[in-house]
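Subject: Handover of a structure

Dear colleague,

Please find the structure below, followed by an account of what was found in it. I would be grateful if you would read the two side by side.

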Amino acid sequence: MITMAGKTIRKWWALFALPTFASFLIGFIAPFVMGIYLSFCRFSTVTDAKFVGLQNYTAAIADREFWRSLVYTVAFTLVTVVVVNIVAFAIAYMLTKAVKGANIFRSVFFMPNLIGGIILGYIWLLLLNGVLAHWSRSITYSGTYGFWGMVMLYCWQQIGYMMIIYIAGLQALPGDVIEAAAVDGASSRQTMFRITIPLMMPSITVCTFLTMTNGFKMFDQNLALTNGAPSNTSELLALNIYRTFYGRAGFEGVGQAKAVIFFLIVAVIAIVQNRLSTSREVTA
Amino acid sequence: MKRITKALAASLSVAMLAGMAACGGSSSSDTAQAGGIYYLNNKPEIANSMKDLAASYSKQTGVPFTVQTAASQTYQQSLKSELAKNQPPTLFQVLGPVGLKDWHEYAADMSDTEVYKQLKDQSMALKSDDGSQILAVPVVQETFGIIYRKDLLKKYFEMPGASIKNVKGIRDFETLKTVSDEIQKHKDELGVKGAFTSMGFDPSTSWRYNTHLASVPLAYEFAQDNITQQPATIKGTYLPEFKNIIDLYLKDSTTPTSALSSKTMDDALADITTGDAVFFQNGSWAWPDLVDGGLNADQIGVLPIYSGVPGEENYGMSTGSETYWCINKKASPEAQKATKDFLKWLITSDEGREAWSHTMGFTTPFKTFTGKYVTDNPIMKAADQYTAAGKKNLPWAFLYDPSQQWKDNLSNSILEYAQGTGKWDGVQSSFVDGWAKEVASSKSNS
């Protein structure tokens, strides 16, 4: 019976994979290839494009605001990766211990993740401006204000999600290793850094990967919270690309070129980071 | 057995594909139909009335009519994606000659249309570069200035110690500043929070700086230098006067400058309608909002924007047209014809004129709007009164603004100047140097 099913699958897999494959092709591969082609073109609507070579890339690289938003994005990603992961791990650690109402806390921490970025952005805009009003300021007073505003928002949103991944990891830890460590007289600090964290590396890989790529790609929260104001100083890369593409007539190709550069950066970082953390993974 | 499996597999995969197709189909239920009219509208305030009008027109003539609205901030991107579709908009809008430049490849000749023939002043229409074709026709006529609350200003005039006793006394920047400073000084006695409403830098209001206010020094400079086309460079002759009026707005305001970066149009409207402020820079398009805020026509007066330019007392308000209609050249010929017919109906039929002038409240540049279709907008009427009193109209110099980027950079630098995080030099540079840079950049792109 099993072999028969296996045989059928071997024969028919292509047919069953077809719908998904088709949607992947239409929804992902085609726009991607078209996007790369368009980055070498001058166009105002995507259907009539004129090939111009590398002109868009030179314009993109010469744009100072592109570099500024790149630096801003890198700083943002670094800060949020560190904060989100440390806090999420700490909360997960706390909630896997016997805390009364752990399940309620888990749900509460996870909830922000269920709200869309745009809505979160507007809610935090109200909250932060309400607080800043005491000093007659607002979140768009300077890029630094916007930066920390976004860090807060993003941490608040992401910590719950990462916490769930860490909780799953912590619950799957083999109890015997930790028990053995306790019998051998390891302090709780030693258990944490020598046993738990090395064993948790798979979860840490996943979480840092997610926070890093999400941080790099963050768009809606940025749009809703500051929209780059003032003077585009609180603008992350994704928003910069969007503004170049849609904000200026004649700059669609430049925006597209920036998007391709952005893709390359994110891809390289993700690959390098993945290699680095997987190499530290151990098994019990 | 085998055959059944095959049949099952085939039908399942067909079902899955069909499901996908259904998903794709359902999302496009709101798109335009072939041969019909598709109007991509840029005024959210008329979205509903326009839809009603379209439905009624469709019912009378049987022509399919779709109206989509994209707010002013997102109009360009909607237009960009809609024009790429199979059934593109047949009627779209551009902002002035510079806006037309981006879309001139899509603009059909409108010289045979009723809307062009019925223009009060045919020179207002935008022509192609060689002058042979009419590519865009103005939609509405608008005006702007400093709107004031008559009742609150009267309170000031009656206040003991007021240097100026009536509104005729406000005739240049000096007198405006005197009134405004005195109101600000005695704001508690007068029961206001400031002379001017907040003039925020949120995108909903920053255009009041970078488009309309900046148009004033530009218009005087262009008038002095006899400029009638977009110049490659500007001198910034009247920047000191531009600074005068900005300083006045910032100082005599309901809001401390450090909080301006996120103040919105709603905040400013609240200031003027609740009576927290006396002056409010805006235009005739703001009238419906003021009515919604509970104001009526005799509470409102309008002053020209005075900034200290020599000879400004001879000028009235600034009237012009920014929004122009274009008919999409790349739409099918039947659709273009249907669109032209609709425009004719709009400005000649009773229903069309009623909707356009009363329901939507536009003041039009067309000869057909006479009698009861003449505007009752008090801001528009104020502009006419200045003209009647022999004052010149200050042309809309912002129609030549090189790009949205120029405007954004300008208001950004004004914000930095206002907050103290930047200097006036920054404004000067984004005004003068930015102009040259943006004109050059848009030239190299076309």
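How much of residues 70–273 of chain A is helix, how much is strand, and how far apart are the end C-alpha atoms? The chain is 78% helix and 0% strand over those residues, and the end C-alpha atoms are 18 Å apart. Helices (H or I, at least four residues) and strands (E, at least two) are DSSP runs, numbered from the N terminus.

The model is predicted: local features need pLDDT of at least 70 and side-chain atom pairs count only at pLDDT 80 or more, while totals for chains, interfaces and linings use all residues. Residues are numbered from 1 along each chain as its sequence is written, with chains lettered from A and ligands numbered from 1 in the order in which they are written.

Chain A overall

Chain A contains eleven helices and two strands, and its order along the sequence is α-β-β-α-α-α-α-α-α-α-α-α-α. Its C-alpha trace spans about 70 × 70 × 30 Å along the principal axes.

In an unreviewed entry, UniProt gives the feature "domain: ABC transmembrane type-1" at residues 70–273 of chain A. From an unreviewed entry, too, UniProt lists "transmembrane region" for residues 12–38, 70–96, 108–127, 147–170, 191–212 and 253–272 of chain A. UniProt positions are given in the numbering used here, feature names are shortened, and annotations may be inferred rather than shown by experiment. Residues 12–38 of chain A are 100% helix and 0% strand, with end C-alpha atoms 37 Å apart. For residues 191–212 of chain A, the span is 100% helix and 0% strand, and the end C-alpha atoms lie 27 Å apart.

Helix packing in chain A

The axes of helix 5 (residues 117–132) and helix 6 (residues 143–171) of chain A come within 11 Å and cross at roughly 125°. Axes are lines fitted to C-alpha atoms, for helices over the stretch in contact, and angles run from 0 to 180 degrees between N-to-C directions. Helix 5 and helix 6 of chain A are therefore oblique to each other (under 35 degrees is roughly parallel, over 145 roughly antiparallel, 65 to 115 roughly perpendicular and the rest oblique). Helix 5 of chain A contributes Leu120(A), Gly121(A), Trp124(A) and Leu128(A) to the contact, and helix 6 of chain A contributes Gly149(A), Leu153(A) and Gln157(A). Two residues are in contact if their C-beta atoms, placed from the backbone, lie within 7 Å. The contact residues are four nonpolar, three polar and no charged (Ala, Val, Leu, Ile, Met, Phe, Trp, Tyr, Cys and Pro count as nonpolar, Asp, Glu, Lys and Arg as charged, and the others, Gly among them, as polar).

Helix 4 (residues 102–110) of chain A also meets helix 6 of chain A: the axes come within 7 Å and cross at roughly 135°. That makes helix 4 of chain A oblique to helix 6 of chain A. Arg106(A), Phe109(A) and Phe110(A) of helix 4 face residues of helix 6 including Tyr161(A) and Met163(A) in this contact.

Contact between the chains

Chain A and chain B each give 28 residues to the contact. On the side of chain A, helix 1 (2–38) and helix 10 (237–247) are the elements that give two or more residues, and helix 1 of chain A has the largest share, seven residues. That side of chain A divides into 13 nonpolar, 13 polar and two charged residues.

Yours sincerely
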